[in-house]
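Morning, everyone. I have one structure to go through today, so please have the viewer open.

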Amino acid sequence: MKTILRCSKKALLLWIGSLVIAGTAAAGVQNTAWAAEDTVQKPIVLKTMGSFFFGGSVKTLENGVTFHGDHGYAQYYIPQESRNLPIIMWHGIGQSGKTFESTPDGREGYQAILTRRDWPVYIIDQPHRGRAGRTMAKAGEAASPTALYESAAWDAFRLGLWIPPAGPVAFPKVQMPLDGYTIDQFFRQQTPDTGKEPDRKSLAETAGKLLERTGPAILMTHSRSGQYGWATAMEKPDLVRAVVAYEPGHYVFPEGEIPDDIPRGKLHVTAMDTPTVPVAEFEKLTRMPILIVYGDNIARDISDVFNSEVWRAASIRGRQFVEAVNRHGGDARIVFLPDLGIRGNTHVPFADLNNIQVADQLEAWLHEKGLDKRDAPYQGPGKASMDLTIPLGR
């Protein structure tokens with residue numbers, strides 16, 4: 001099967017030009033000439049595409065009827081001229097796989113950017129979220145104010161500050177258009193849990209089932225799923241060839257090696273916590289390279305704003321985590337985009353106006369680590385088989 005997505009060069013240039021003009025006028029941002037060249041250089045040519053569910057449970061009800069739930073969902077895109085390793089993309093809190101698809105302002109996200117560059121990609125919805133919402137689990141309390149209030153989502157994604165009853169304020173030169181359509185789309189992509197969010201261990205085991213289908217892969221996480229990425233890498237260290245974590249909110253440390261505490265004010269956020277695992281488990285994280293990426297406008301001083309404290313604490317814990325991994329013989333790196341001269345990025349750098357530049361930074365690291373080879377092109381998910389999960393009569 002070969003799928004070719006095309007449109008005329010003239011139409012693309014007109015569309016691109018209108019977006020650049022609109023984005024510049026509405027947001028006053030820099031770098032809005034977001035790689036027209038990357039968009040028109042070639043069509044996206046796929047060998048195949050598809051989707052499937054992975055992991056999950058089967059329960060038998062009192063009446064003898066079964067209930068299949070608690071699984072994850074994956075959609076995949078395999079380029080015709082594929083690289084060797086697929087990239088699995090895992091969304092953050094209050095999100096679904098949509099976060100890696102089209103950006104809120106309608107441009108290409110990593111779904112298209114990386115596929116055009118011949119990376120096979122899998123975009124997932126974690127159990128109890130989005131297209132993996134089927135469950136009998138009772139809904140728990142929201143994991144964070146971020147999932148409750150749009151004002152908290154505004155703060156968490158670092159578009160600016162919104163401290164009710166005052167209205168929202170944007171950071172200067174933020175790399176997201178601040179027009180009505182974009183903001184409307186941003187809030188509408190927030191996605192509730194259909195049941196209590198599973199714990200790290202069960203999510204790692206479910207993700208392990210996905211890796212058994214995909215084979216060796218690069219695991220990309222975002223925000224809250226960062227903690228699930230560490231757990232998955234420890235669950236399947238032979239299949240996770242690298243971890244790329246965009247703005248993870250939580251880390252893990254080896255037992256007996258608790259890092260220094262974080263100076264704090266009145267608020268305690270879970271990003272300050274230091275969950276530990278046995279040293280032998282932690283050292284599984286030294287078997288693959290790790291890249292951690294943070295954007296701009298992260299608070300440096302103690303704050304009374306919940307999500308300002310989240311990213312202040314998480315960025316400190318990130319430095320401590322990298323030091324711990326490397327002290328145990330690993331290969332971890334933490335990058336703050338402003339230190340590279342890439343400024344204005346929000347909590348979702350891969351969806352910002354300069355996401356082509358962010359993707360370039362990612363690919364440079366993947367090349368440095370020898371993860372972008374093409375000598376054994378990826379063919380797609382392995383064939384699945386399992387025993388019947390219903391009492392089918394013959």
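This is a predicted model: local features need pLDDT of at least 70, side-chain atom pairs count only at pLDDT 80 or more; totals for chains, interfaces and linings use all residues.

Start with the core. The largest nonpolar core has 92 residues, and the members that touch the most others are Y110, I292 and F321. The biggest contribution to this core comes from helix 9, residues 306-327, which supplies eight residues. As general background, nonpolar side chains in soluble globular proteins tend to be buried together.

If you select Y110 and skip its neighbours within four places in sequence, the contacts include M89, F100, M220, Y246, F350 and L362. Among the contacts of Y110 there are also E101, T115 and N355.

Strand 3, residues 57-60, pairs with strand 4, residues 66-69, in the antiparallel sense, over four bridges.

Now helix 5, residues 180-188. Which of its residues are buried? They are T182, F186 and F187. These three sit on the same side of helix 5, because they cover an arc of only 125° around the axis. Helix 4, residues 150-156, is part of what covers them. On the face turned away from the buried side, helix 5 carries the exposed residues G180 and R188. The N-terminal end of helix 5 is capped by D179, with a side-chain oxygen 3.2 Å from the backbone nitrogen of Y181.

Last, the two loop residues. N84 is in the loop between strand 5, residues 72-79, and strand 6, residues 87-90. Is N84 buried or exposed? With a relative accessibility of 18%, N84 counts as buried, because the cut-off for buried is under 20%. Its side chain makes a polar contact of 2.6 Å with the side chain of D375. Leaving out residues up to four places away in sequence, N84 touches K373, R374, D375, A376, P377 and Y378.

R224 is in another loop, the one between strand 10, residues 217-222, and helix 7, residues 225-235. The relative accessible area of R224 is 17%, so R224 is buried too. What does the side chain of R224 join in a polar contact? The partner is the side chain of E197, at 2.6 Å.

That is the end of the tour.

Note on methods. Residues are numbered from 1 along each chain as its sequence is written. Side-chain values use heavy atoms; hydrogens and water are left out. A nonpolar core is a set of buried Ala, Val, Leu, Ile, Met, Phe, Trp, Tyr and Cys residues joined through side-chain atoms within 4.5 Å. Buried means under 20% relative accessible area, exposed over 50%, partly exposed in between (1.4 Å probe, protein chains only). Contact means heavy atoms within 4.5 Å. Two strands pair if DSSP finds at least two bridges between them. The arc is that of the directions from the helix axis to the C-beta atoms. A polar contact is a pair of N or O atoms within 3.5 Å; within protein, one must be able to donate a hydrogen and the other to accept it, and residues adjacent in sequence count only if both atoms are side-chain atoms.
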